[in-house]
Amino acid sequence: MRSGDEDVTIGPYDPTTDAGATFAVYQAAIRRTAAKDYTPEQIEAWLGRRGGDLTGWGAARARARTLVARAGTGDVVGFTDLLPDGLVDMLFVHPDAGGRGVARALLTAVAAEARARGLRELRTFASRTAQPVFERLGFTVWADRPDNTARGVVVPNAEMRCTLGPT
Ligand SMILES: CC(C)(COP(=O)(O)OP(=O)(O)OC[C@H]1O[C@@H](n2cnc3c(N)ncnc32)[C@H](O)[C@@H]1OP(=O)(O)O)[C@@H](O)C(=O)NCCC(=O)NCCS
């Protein structure tokens, strides 16, 4: 696949270099892309109050077996993950790289990894922004969650699932 003029490759999260880059993608994706579907109060509640110390963030990304999308320059343009029970907890693409198939490439890699681990199903809690993208990529809504809260603020999302076929 291609992103702009550069090839994008999917690979493992590198704990020595990728904490800051994935956090920057996370913030930009929520603040710029998801902001069209949520109020400023919801956006801040979703982001949480994270300071400059990325130790906890990096440890969580490493634990979740994060996959990273890199442009030809080496810049991280997106990331996702796969927890042992089949939960895709994170899917974020930098707005400057959006709409070019990065999320599709990341989820295709996750599905391959899940099959290799013997999982039969993926699930996620999709934001309103990501819901049509997950639908396009084979997920269906399992339970809408209009009352989901983050840090005491209602931030609606939906639990979505995808059955994994043999290939
Ligand atoms: C959701 C997000 C990850 C999508 O990333 P992306 O790289 O722009 O998505 P892609 O370009 O790979 O699109 C994947 C598919 O969804 C389709 N799609 C994208 N937006 C769509 C929309 N609004 N409605 C319907 N289909 C859509 C694309 O056409 C593509 O399908 P195709 O390959 O058959 O053409 C990105 O917008 C993002 O980070 N959003 C903000 C953060 C967020 O909400 N993350 C999810 C947390 S649960």
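A backbone N or O atom of Ala 103 lies 3.0 Å from an oxygen atom of the ligand, which counts as a polar contact (a pair of N or O atoms within 3.5 Å). The table sets this pair beside two others.

| Residue | Part of the residue | Distance to a ligand oxygen atom |
|---|---|---|
| Ala 103 | backbone N or O atom | 3.0 Å |
| Gly 99 | backbone N or O atom | 2.8 Å |
| Arg 104 | side-chain N or O atom | 2.5 Å |

Taken alone the ligand exposes 970 Å², of which the protein buries 74%, with areas from the Shrake-Rupley method and a 1.4 Å probe.

This is a predicted model, in which local features need pLDDT of at least 70 and side-chain atom pairs count only at pLDDT 80 or more, while totals for chains, interfaces and linings use all residues. Residues are numbered from 1 along each chain as its sequence is written, and side-chain values use heavy atoms, without hydrogens and water. The average pLDDT (the predictor's confidence in each residue, from 0 to 100) is 94, and 95% of the residues score at least 70.

Of the 21 residues around the ligand (those with a heavy atom within 4 Å of it), the nearest include Leu 91, Ser 127 and Arg 136. Among the elements that each supply at least two residues of this shell are helix H1 (18-33) and helix H4 (102-116), helices being DSSP runs (H or I) of at least four residues and strands (E) of at least two.

Note on methods
A polar contact is a pair of N or O atoms within 3.5 Å; within protein, one must be able to donate a hydrogen and the other to accept it, and residues adjacent in sequence count only if both atoms are side-chain atoms.
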